[in-house]
Amino acid sequence: MRHEVAVVGAGLAGLACARDLAAAGVDVVVLEARGRAGGRVEQTHMPDGRSVQLGGEVIGEFHWAYRELVAELDLTLEPAFPGLPGSETHRLDDRTLVVDDFGWMSSNEREDYLRVEALFSHLSKTVDPDDPWSHPDADKLDSISVSAWMRSVGAVPATLRAREMAMRALAAESPERTSLLADLRKEAAAGSVGFYSYDAWESHRVAEGSARVALLMAQSLDSKIRYSTPVRSIHVDPHGSHVVSHQGERFDVDAVVSAVPVGPLRDIQFSGVSTARLESLSNQRHALAAKVVFAYDEPFWETNGQNGSAYSADGLMGGTWSQRHGVLSALVPPERIGPFAATAGSQLQHELISEMVDLFGRQALTPDRVFVRNWFSDPYTQGYITAWRPGDVMRVGPLHGTHEPPFYVCGSDQWVCGYMEGAIRTGRGAASAILGSR
C-alpha cells in the first residue's frame, strides 16, 4: 500500500500528529497494534454512566498544547483534585494521619524540607528544560540521584522520607534512582516552583474524561487508522521508506513517524536510521507501574475531612487521589510491582481493599467495582511514565525528542517526562516538522 506518511501508534501523540497531517491534506495511515485508540489513556463506564479513567487523567497550568487541543475538540476543562476541600491522608509506621503538607513532620523537619526545596528550586532555574545538556555542570548533575544530592545539602531523614513517599504516589522511580538533572529539568519546565507540585502539574482534567480526547481524534481519522496492526520493521530512506506489519503487510511511504513508547519501540526492527538516533531512543526507560481505580456510590471520605489524596509508606499502592464523584485512583509504583504482580487476582483485590480501609476506614471495604490496569505488562506500553536514572539524560543526549527526516519521533517519552502534554506537544510538533519540509 502506498501513502505519504505512516504514523506508528494511535496513542495521543500519534493521533495528534495524524490529525494535523490529515487536516493539511496529507495521505496518512496510522498503524495501531491494539484494537482501540488512545494508548495510555483508556476509559470504561459504571452502570450509572460515570466514566472511569484507567490511564492518564490530569494536566497542569502550563500544559498549553493539551489545552489548545481540548478547546479545538470542544471539550471542557474543569478543576481536578488539588482544589478539593479536606485534608490529605498519610499512612506510615502503622499510623494513619489526616494532615496536609506532610504534617506528620515536626516543625524543625518541616523547616528543613522547605530549606531543601528552596535550594532545589534555585538550582532548577539554572537548567534549560529544552537543552539541559548545555548546563555547565550537566554531567555532574546527571551522575547523582535526587536523594544523594539531598543528603549532600544536609537533608534530615524526614525530608528524604517525604520525597520518597511523594515519588511513590506518582509511580515514578525512587529519588534514590532518579537523576538530579532529570528532576531539575522537569521542574524547570513547570516554572521552578519547587519539588513536584500538584497545583502546577495536575490542576485540571477533561470533564468528559481524558480518554474522550483520543476517541474524538480517532473518530476524525476514521478509516485512516489500521487497528490490530502491530509493526515488525521500519525501513527509512529519503528516496522511499516502508513499514512492515507482523502480518507481513507492507506500507510504502515518504516519511515515518514513531509514536511508540520506548519499551515496545525496542521490539521493532529498524534499518536506515542512524546508530546515534537508535541508541538515544533505546537508552530511554519507563517506570513500571499499574493503576487501580476504586468506584464507590458516594465520596464517604469527605465526611471524615479527607479529600481523597493519600500517601502510603507501606503496602502495594503508593498513593490515591479523587478522580471524580465517588471514584478514587491509585498507582502501584515500580518498587512494589514485584509483589503486586506475584499476587493472585482474588488475593490481590483483597489486599488492595484492605489498604483502602487502612487509609479511609471501614466504609472503603465494599467498593462497587475495582479496576486494575497493568500498564507494566501491557506489551504495547511496557510501563507508564518515563524514568530517568542517574546518567540517563547524558546517555540519551540532545537527540531526545528530535527528528531525523524522513524519520520522526513523538510521544510523551520525547518530552521532559511522561505526561499527556508531552504526547500532544510532540505529536503536533512532528506534524509541523513534516509539513514544514514539504
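## Close-up views of the predicted model

**View 1. The loop around Gln382, a partly exposed residue.** Gln382 counts as partly exposed, with a relative accessibility of 26%. In this predicted model, Gln382 sits in the loop that runs between strand E21 (369–373) and strand E22 (385–387). Its phi is near 55°, which is a positive value in a residue other than glycine.

**View 2. The loop around Ser192, a buried residue.** Ser192 lies in the loop between helix H7 (180–189) and helix H8 (198–201), and the residue has a positive phi of about 55° although it is not a glycine. With a relative accessible area of 9%, Ser192 is buried, because a value under 20% is counted in that class. Most residues other than glycine have a negative phi.

**View 3. The cis peptide bond between Pro405 and Pro406.** Pro405 and Pro406 are joined by a cis peptide bond, for which omega is about 10°. Pro406 belongs to the loop between helix H14 (392–396) and strand E23 (407–409). As background to this view, most peptide bonds are trans.

**View 4. The largest nonpolar core.** This core holds 41 residues, and those with the most contacts inside it are Val7, Leu12 and Val213. At least two residues each are supplied by strand E1 (5–8), helix H1 (12–23), strand E2 (28–31), helix H2 (64–72), helix H9 (211–221), strand E14 (255–258) and helix H15 (420–437). Of the contributors, H1 gives the most, with 7 residues. In soluble globular proteins, nonpolar side chains tend to be buried together.

View 5. When neighbours within four places in sequence are left aside, Val213 is in contact with Leu12, Tyr66, Leu69, Val70, Leu73, Leu75 and Val206.

**View 6. The whole protein, as a setting for the close-ups.** The protein contains 15 helices and 23 strands, and its radius of gyration of 22 Å is close to the 22 Å that the globule rule gives for 438 residues, so the protein is as compact as a globular protein of that length. Of the 438 residues, 60% count as buried, and among contacts between residues at least 6 apart in sequence, 74% join residues at least 24 apart. The accessible surface comes to about 16,600 Å², of which 50% belongs to carbon and sulfur atoms. There are 40 positive and 56 negative side chains, and the centres of these two sets lie 3 Å apart.

Terms used
Residues are numbered from 1 along each chain as its sequence is written. This is a predicted model: local features need pLDDT of at least 70, side-chain atom pairs count only at pLDDT 80 or more; totals for chains, interfaces and linings use all residues. Side-chain values use heavy atoms; hydrogens and water are left out. Helices (H or I, at least four residues) and strands (E, at least two) are DSSP runs, numbered from the N terminus. The radius of gyration is taken over C-alpha atoms; the globule rule is 2.2 Å times the number of residues to the power 0.38. Buried means under 20% relative accessible area, exposed over 50%, partly exposed in between (1.4 Å probe, protein chains only). Contact means heavy atoms within 4.5 Å. Accessible areas come from the Shrake-Rupley method with a 1.4 Å probe; for residues, only the protein chains shown count as cover. Lys and Arg count as positive and Asp and Glu as negative; His and the chain ends are not counted. The place of a charge is taken as NZ of Lys, CZ of Arg, CG of Asp or CD of Glu. A nonpolar core is a set of buried Ala, Val, Leu, Ile, Met, Phe, Trp, Tyr and Cys residues joined through side-chain atoms within 4.5 Å.
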